[in-house]
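Subject: Handover of a protein structure

Dear colleague,

Please find below the structure that I am passing on to you. I would be grateful if you read the notes after it with the structure open.

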Amino acid sequence: MRARVAVSSVALLALLGTSCGARSELFVSGSAIAGDGGGSSGTAGSAAAGNAFGGCSGITTCSTPLVVCGDGTVQSPEEECDDGNTRDGDGCSSDCAWEPVAVSARGIRTCALSSSGQVKCWGDNEFGELGLDDTVRRGAAPRQMGRNLPAVDLGTDRIASAISAGYLHECALLDDGGIKCWGDNRFGGLGLGDKNARGDLPNEMGDRLPEVALGRGLHATAVAAGDAFSCALFDNHRVKCWGLNDSSDIGEAGQLGLGDKNNRGDEPNEMGDALPFVDLGVARSANAIAAGTDSACAILDDGSLKCWGVNQFGQLGQGDTNNRGDDPNEMGDKLAPIQLGSGRLATAIGIGYGFACAVLDNRSVKCWGQNTFGQLGLGDTQNRGDLPGEMGDNLPAVELGAGRTAERIAVGFESACALLDDGEIKCWGAGSYGQLGLGDSQNRGDLPNELGNNLASVRLGTSFGIRALTSGYSAACAILSDARLKCWGLGQYGELGLGDDESRGDDPGELGDALPAIDVGF
């Protein structure tokens, strides 16, 4: 945070006249040049609030112009943006820096998207997942974040409109409907026709990183990165998936939904027009997609939900443990929609390791599949969806608290979080690293009376709403209404972005105002 010095308009003349070219920040009280270096609102009564980075103005004989945040003019390199005000939470901060508008975490790293379309990632980097042409971990040591953390080079004049973090790779949806992916590529998850990682060696990113060949005339509207595969939703409301589609040693098969066990994207001539669409049924199309460890789901145009891939724990919600999509005649109309309850439709979906959760049209949440740690939020450790009679009206909704409903769902590896209608966050499932944000390492949802009003909300600070929520391997993140980004849970690999490898949320007193915001440095 920059130091703030309050001076009168008279003192300003003297100060500017004697410190021409200085880089001290000024807070001018009661004048037309006012500002705030600490992220709060500008001084009342000022005509143009802003941060002054320079030490000269037109009222002196200096040659360097005064840089004022909030005057509507971008003055580089001090300013990244200037939208004519000093409000936080509107994309351009009170420090005239781009703010994060989206965040995605799945593996042991985190990625954020700025309002300018820049992407930054931090955490583990074994396969170049941070997109920085090396394998250096970021976020676990001092001075690695903020302006010291480079943005992912997506190419000349290329900007991102959305991001999706997979387990060992990341994908960005570009503003023109293209997709670029980087990181691990052993199974073709980057969709580049080979098995070579991208982003782990010099000169692999930027213009040298090819876009995924999606097919002639196709423009993606969403991308979902799973553990070693990726899926895209197009403007024609159809879906394609590529990458890992079979690994017999761990029982993965069918997540590409193509009726076989062949990987796609790891060999030439498998992408583009050669890559088939996922068959969702006659006259059916998709409105949303999600990808998990080894399965994928689509919310269809009629509000029904279909999932395919591995079904070891009943995560496909079919009342059995048979995979779908790995053999012929399992997709299309032969793939039954998941029974969510009488008259119930899906509005949002998230997938973890062996389980899935959906927000329904009545804003309740239902989860099914593996339940070892209580991640289904039902007060026991019994799987659901692997036996007949467990879905539909027989599947209870997660108890969120009296009168509470869900706005969003974020599903991690073995836990889930919901953003509630009152702006609070509640998390359940595995809590071994503090990812539930409750000041301990206990699981929630695996025993009776742990959910509902008995489940405390995650405390992120005083009087702030939530704009975005994500959950990864063992950490979760939220963008607050003032555009600050906070993460909690496992910090071993720097995924919390706080300059150390400490976890947060597993001990008392680590959340709330005590949890620092991440300096993303857009």
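Predicted model: local features only at pLDDT ≥ 70, side-chain atom pairs only at ≥ 80, totals over all residues.

Residues are numbered from 1 along each chain as its sequence is written, and side-chain values use heavy atoms, with hydrogens and water left out.

The whole protein

Taking the contacts (heavy atoms within 4.5 Å) with a separation of 6 or more, 51% are between residues 24 or more positions apart.

The cavities

Three cavities of 30 Å³ or more are found in the whole structure. A cavity is a set of points, on a 1 Å grid over the protein atoms alone, where a 1.4 Å probe fits but cannot get out; lining residues have an atom within 4 Å of a point. Grid points are joined across faces, edges and corners, and a volume is the space filled by probe spheres set on the points. The largest cavity holds about 50 Å³. Its lining includes Ala105, Arg109, Tyr473 and Glu495.

Ser230 is part of strand E10 (residues 229–234). Its relative accessibility is 0%, and therefore Ser230 counts as buried. Beyond its neighbours within four places in sequence, Ser230 has contacts that include His169, Cys171, Gly189 and Trp242. His169 is 61 residues from Ser230 in sequence, and their C-alpha atoms are 9.3 Å apart. A polar atom of the Ser230 side chain lies 3.0 Å from the backbone oxygen of Gly189.

Asn245 is found in the loop that runs between strand E11 (239–243) and strand E12 (246–247). Asn245 also counts as buried, because its relative accessibility is 0%. A polar atom of the Asn245 side chain is 3.1 Å from the backbone nitrogen of Leu256.

Yours sincerely

How values were computed: 1 Å grid on protein atoms, 1.4 Å probe; cavity = no way out; pocket = protein on both sides within 12 Å on 5 of 7 lines; lining within 4 Å. Helix = DSSP H or I, 4+ residues; strand = E, 2+ residues; numbered from the N terminus. Buried < 20%, exposed > 50% of the residue type's maximum accessible area, 1.4 Å probe, protein only. Polar contact = N/O pair within 3.5 Å; in protein donor to acceptor, adjacent residues only side chain to side chain.
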